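Me: I would like a close look at one part of this model. Please take me through it slowly, and then show me what surrounds it.

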Amino acid sequence: MSGQTRELARFISETSYKDLPDNLRAGMRKYFLDAVGCGLYGTTTESGRILSRFIQEQGGNEEATLWKSTWRGPVGPVALCLGTWMHAFELDDYHSGAKLHPGAVVFAAAYPLAEKMGTDGKTFMTACAVGYETMIRASIAADCLEVRRRGFHLTGLCGPFGAAAAAAHLMKLTPEQTANALGLAGTQGAGTWAFQCDGSETKRFHAGRAAQSGLMAASLAAGGYTGPKEIFEYEDGGFIRAFSGCGEPEVLTRDLGAHWETEGVSFKPYCCCGSTHSTIDAVLALRKEHGVAPDDVQEMEIMNHSVVKQQCSWQYEPVSSLRAQMNIEYCAAVALTDGEAGPGQFTSERIADPELVALARRARFTVDPEIERLYPKTFPAKVAIRTRDGRELMSRVAGPKGSPQNPMDFGMVAGKFRQITGGVIPPDAQDALVEAASGLDGIETMGTLVTHLA
């Protein structure tokens with residue numbers, strides 16, 4: 001086999017549990033617990049309930065369990081629902097250098113398939129690790145900033161690759177079959193940022209659809225269906241050329257297996273766009289250090305990258321929870337006012353508070369030359385608050401809480417899990433899932449966890 005797609009396919013097919021570094025294994029345990037927590041929270045959202053009803057109405061073979069129910073259905077639709085739930089309220093993990101959310105796609109695809117197949121924890125962990133790595137490298141190789149500037153949502157575009165990789169590994173596809181699966185996945189990638197126009201729910205749906213598409217790709221490839229085995233590097237319609245025109249296919253396989261981009265995944269302590277998190281941290285630092293209150297603020301200057309301006313900055317209007325979660329001015333305003341940015345800060349009532357709206361409108365965005373050079377490899381931020389009594393207060397953050405620059409250990413991730421699943425599942429189920437995640441690679445059959453997900 002030759003070419004980046006084929007080399008990546010061989011990596012997906014042939015990587016084993018023993019090839020995973022200890023740091024990566026530790027990371028995968030945290031990523032799994034976080035994804036499960038995000039998915040359980042997603043079951044409480046209105047969009048999550050709508051999709052759940054839709055999927056159950058379709059029926060089908062009883063292969064996997066839909067969480068928070070006793071309903072069982074085909075793996076693909078269950079993955080669609082799980083991925084949408086995991087991405088339902090901007091709580092799921094992300095990779096800064098790739099500007100996407102791997103966990104909501106990869107675990108959504110891998111878990112129902114592992115339940116169906118009776119997969120053990122080590123195999124599951126390995127499959128998810130190669131799924132993360134494939135999805136992340138696909139985005140970096142395509143030049144994620146250029147893809148984003150063109151209006152595409154990278155989770156939707158690159159997600160099918162990650163889901164197909166995880167599924168191919170679980171299904172023990174050959175390298176040739178896996179290359180076909182990648183080709184079939186790449187031709188299904190989709191998702192645009194048009195949801196920003198009115199704060200619609202399509203962004204939530206992208207992760208679930210990517211999971212479903214990747215599963216379909218692997219299943220078709222297993223049956224002999226072919227896909228373009230140069231899906232990444234081909235000049236005419238290959239993924240990189242089609243979506244950016246300026247990427248580097250070599251990034252897909254550079255130091256593959258020796259260097260894991262997956263180790264750079266970040267967690268979200270706040271339920272809003274990851275590109276706003278360092279700004280929130282900077283605002284919280286000013287609040288704590290100087291006791292700044294909303295009424296003290298004459299102007300708040302948010303300094304960040306030009307793509308963050310495109311993605312997250314506009315005059316704030318309380319249109320929907322999603323619009324608030326994506327708006328950096330609102331996120332800064334609510335963090336300064338409430339001292340946090342959790343689900344309670346993004347309810348329909350809170351986002352319309354007149355004082356918050358006014359404070360968000362006293363914020364302005366400036367493109368910062370230093371951050372322009374650093375982002376998206378890291379997500380730094382600078383915030384300056386000018387007070388009514390003439391002070392200028394400045395805060396700089398190299399990387400947000402939950403990122404490699406300011407990491408969250410397993411205990412912190414477990415704390416987040418308990419917080420967002422409180423009232424969704426009982427405490428004994430919380431305990432069981434935390435314990436299972438901490439010993440993920442020792443689980444004999446992944447499907448046994450469904451009893452705690454009902």
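This is a predicted model: local features need pLDDT of at least 70, side-chain atom pairs count only at pLDDT 80 or more; totals for chains, interfaces and linings use all residues.

Which residue in β6 does Glu301 stand opposite?

Glu301 stands opposite Arg364, a residue of strand β6. Glu301 itself lies in strand β5. That strand covers residues 297-304. Strands β5 and β6 run in the parallel sense, and five bridges join them. Strands of a sheet pair through backbone hydrogen bonds, and the pairing can be parallel or antiparallel.

Now look at the whole sheet. Four strands make it up, in the order β6-β5-β7-β8. The sheet is open, and its pairing is mixed. Strands β6 (363-367) and β8 (392-397) are the edges, each pairing on one side only. From one strand to the next, the twist averages 20°.

Go back to Glu301 and look at its salt bridge. Its partner there is Arg386. The closest N and O atoms of the two residues are 2.7 Å apart. Arg386 sits in strand β7 and Glu301 in β5, so this pair ties together parts 85 residues apart in sequence. It is one of 29 salt bridges in the structure.

Next, the helices on the sheet. Helix α15, residues 328-338, lies across β5, β6 and β7. It runs at about 125° to β5.

How do these two helices meet each other? Two packed helices are described by the angle between their axes and the distance between the axes. The axes of α12 and α15 come within 9 Å. They cross at roughly 30°. An angle under 35 degrees counts as roughly parallel, and α12 and α15 are therefore roughly parallel to each other. Their crossing is right-handed. On the α12 side, the contact uses Thr279, Ile280, Val283, Leu284 and Arg287. On the α15 side are Ile328, Cys331, Ala332, Ala335, Leu336, Thr337 and Asp338. By class, the contact of α12 with α15 has eight nonpolar, two polar and two charged residues.

The peptide bond from Tyr375 to Pro376 is cis, with omega near 10°. Most peptide bonds are trans.

Helix α18 spans residues 410-421, and helix α19 spans residues 427-438. Their axes come within 11 Å and cross at roughly 150°. Angles over 145 degrees count as roughly antiparallel, and α18 and α19 are therefore roughly antiparallel to each other. This crossing, too, is right-handed. From α18, the contact draws on Phe410, Ala414, Phe417, Arg418 and Thr421. From α19 come Gln430, Asp431, Leu433, Val434, Ala437 and Ser438. These residues divide into six nonpolar, three polar and two charged.

The crossing of α4 and α10 is right-handed. Residues of α4 in the contact include Val75, Leu80 and Thr84. Those of α10 include Arg204, Phe205 and Leu215. By class, the contact of α4 with α10 has eight nonpolar, five polar and two charged residues.

One last stop is the loop between α4 and β3 (94-95), where Glu90 lies. Glu90 has a positive phi of about 55°, although it is not a glycine. Most residues other than glycine have a negative phi.

Technical notes
Residues are numbered from 1 along each chain as its sequence is written. Side-chain values use heavy atoms; hydrogens and water are left out. Two strands pair if DSSP finds at least two bridges between them. Helices (H or I, at least four residues) and strands (E, at least two) are DSSP runs, numbered from the N terminus. Axes are lines fitted to C-alpha atoms, for helices over the stretch in contact, and angles run from 0 to 180 degrees between N-to-C directions. Contact means heavy atoms within 4.5 Å. Angles under 35 degrees count as roughly parallel, over 145 as roughly antiparallel, 65 to 115 as roughly perpendicular and the rest as oblique. A crossing is left-handed if the near helix is turned anticlockwise from the far one by less than a right angle, and right-handed if clockwise. Ala, Val, Leu, Ile, Met, Phe, Trp, Tyr, Cys and Pro count as nonpolar, Asp, Glu, Lys and Arg as charged, and the others, Gly among them, as polar. A salt bridge is a side-chain nitrogen of Lys or Arg within 4 Å of a carboxyl oxygen of Asp or Glu.
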